Amino acid sequence: MIEPLLIDKSKKGRLAYCYPPLDLPRSFDHEFEHLPSHLQREGGARLPEVSELDVVRHFTRLSGMVHGVDNGMYPLGSCTMKYNPKLGEEIAQMAQFTQIHPLQDTSTVQGCLSVMYNLLEDLSSITGMSWGSLQPCAGSHGEYTGLKLIRSYFLKRGDLNRTKVLIPVSAHGTNPASAAVNGFDVVEVASNRKGLVDLDGLKSRLTDEVAALMLTNPNTLGLFEEDILKISEAVHEAGALLYYDGANLNAIMGKARPGDMGFDVLHLNLHKTFSTPHGGGGPGSGPVMVNDLLRPFLPKPDIVLREGGYAFDWDQADSIGKVSMFWGNFLVFLRAYVYILRMGSEGLRAAANHAVLNANYLAKKLKPYYEIPYTGGIMHEFVISVKNYKEQYGVTAEDFAKALIDEGYHPPTVYFPLIVDEALMIEPTESESLENLDAFIDAMIRIAKRAKSDPGSLKKAPISTPVGRLDQVKAVKEARVRY
Ligand SMILES: Cc1ncc(COP(=O)(O)O)c(C=O)c1O
């Protein structure tokens, strides 16, 4: 059923809540007089006039139309849409954390600063790095910050020649974007037949103009870069640095550390790996973690523990400065800290083990029905190609994704990574039980059979949603942001 807009339900004079008449002089009537007349509204704002019950029912109905991790599986590859324990939510909503001000005297927020300090300590030991900054507010923001550190490092050394950043073809799109906004030229590194970095190809590109190689491990095909130590050696021999995109840490946390693999700098996605609900634009947190080489350049202020307690240290001569509000997205840190404390190192390791086991179970069960081009060393996610279905039955990755909606699932990531034709990228996460995985497998098999027997029906999907298939490009090309 289509839910009408509140404005369409409006009835003149209907009210939800009514303030008592104003008993103070009005002062704001003339506030906007200086605005040019063509920008001034001619009459009152057109707001819906509805009762409280209308509003409550409207939003309750809308909330039921939304698919989230809390009401169904969300196998969105490269996104780690795992269950976020409610304990973290409860603590993040406590007034002791929400009713504080960033500019409060630090002596009055020692508890909050201790959370930030301890979280940095925990993240350092989980990643094998020296220290970090919690300021970046997204994974991509962490990438931007990390590359800025690399830039400052070479500038400080007077090495102005290093203008290139190497990035594998399978990389997440934010990697080249972050390099480009930092003023670097992006150079692609090819994958080999196994879907891993082609070591010889990499070596041939490692000139004295290269500042860094950006890598995620496992990569965006869900595969572990088995030559990572050789890669690290080659990059460092060439005088360049190694950047780790930590968005895929869920596959290795508690088991392997980027610091031990030779990475110099990385970002994490707390909103993926460390339990903050995400999607739809935030809030996120993409802390950047570094080794000793890059530590002097970290954003300021640093959080330090002095004799008198925790404090912000603004006194860092080589710092790149602030990259956002200096306290970052504090409530996301809190959830991450609660998650880490509650899981402990054994729990984190177990979560990574389960994430990998679940992905491998799905891949194995789906293999008879779907082409999985890269199967060597699948970690927490894997990529299906429905190219053969497209060629034989005209059914595309988009059609499969839409058909999954009718089966009650959020679609997987589609058409990414770009090196796989008609890609569906599936990440079940550790949250799903064996029964849930089996139900998903059954749904995928049903769709595969329909693709052969009744391809037209997939083209019509979804049919169970309030609106059917939308024109996915129109909203971008013809943005109408006014109703
Ligand atoms: C591999 C990888 N790198 C970087 C990012 C960027 O993170 P964010 O969306 O928080 O900016 C993502 C997010 O999808 C990712 O999957």
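Visitor: Which residue stands opposite Val383 in β12?

Guide: Val383 stands opposite Met425 in β12. Strands here are DSSP runs of E with at least two residues, helices are runs of H or I with at least four, and both are numbered from the N terminus. Two strands pair if DSSP finds at least two bridges between them. β10 and strand β12 (residues 423-426) are joined by four bridges and run antiparallel.

Visitor: How should I treat the numbering and the model itself?

Guide: The model is predicted: local features need pLDDT of at least 70 and side-chain atom pairs count only at pLDDT 80 or more, while totals for chains, interfaces and linings use all residues. Residues are numbered from 1 along each chain as its sequence is written.

Visitor: In what order do the strands of the sheet with β10 lie?

Guide: The order is β10-β12-β11, an open sheet of three strands with antiparallel pairing. β10 (382-385) and β11 (413-414) are the edge strands, each with a single partner, so one side of each has no neighbour in the sheet.

Visitor: How do I read the two faces of a strand?

Guide: In a regular strand, side chains alternate between the two faces of the sheet. In strand β6 (residues 265-268), Val265 and His267 point one way, Leu266 and Leu268 point the other way, and all are buried. A residue is buried if 20 or more other C-beta atoms, placed from the backbone, lie within 10 Å of its own, exposed if 12 or fewer do, and partly exposed in between.

Visitor: Which strands pair with β6?

Guide: Strand β5 (residues 241-246) pairs with β6 in the parallel sense over four bridges, and Tyr243 stands opposite Val265. Strand β7 (residues 288-290) runs antiparallel to β6, joined by three bridges; there Met289 is the bridge partner of Leu266.

Visitor: What does the span of helix α5 show?

Guide: The expected span of a helix is 1.5 Å times one less than its number of residues. Helix α5 (residues 139-156) has 18 residues and reaches 26 Å from first C-alpha to last, close to the expected 26 Å. Of its 18 residues, 14 are buried, so α5 is largely enclosed by the rest of the structure. Gly158 follows α5 with a positive phi, near 75°.

Visitor: How many of the ten residues of α13 are buried?

Guide: Seven of the ten residues of helix α13 (residues 397-406) are buried, so this helix is also largely enclosed by the rest of the structure. Among them are Asp399, Phe400 and Lys402. The buried residues of α13 pack against β11, β12, α14 (434-453) and α15 (455-460).

Visitor: Is Asp208 buried or exposed?

Guide: Asp208 is exposed, with 11 other C-beta atoms within 10 Å. Asp208 lies in the loop between α7 (199-205) and β4 (210-215). Two residues are in contact if their C-beta atoms lie within 7 Å; leaving out residues up to four places away in sequence, Asp208 touches Asn161 and Gly239.

Visitor: Which residues are closest to the ligand?

Guide: A residue is near a molecule if its C-beta atom, placed from the backbone, lies within 6 Å of it. The ligand is surrounded by 15 residues, the closest being Ser78, Gly139, Ser140, His172 and Ala247.
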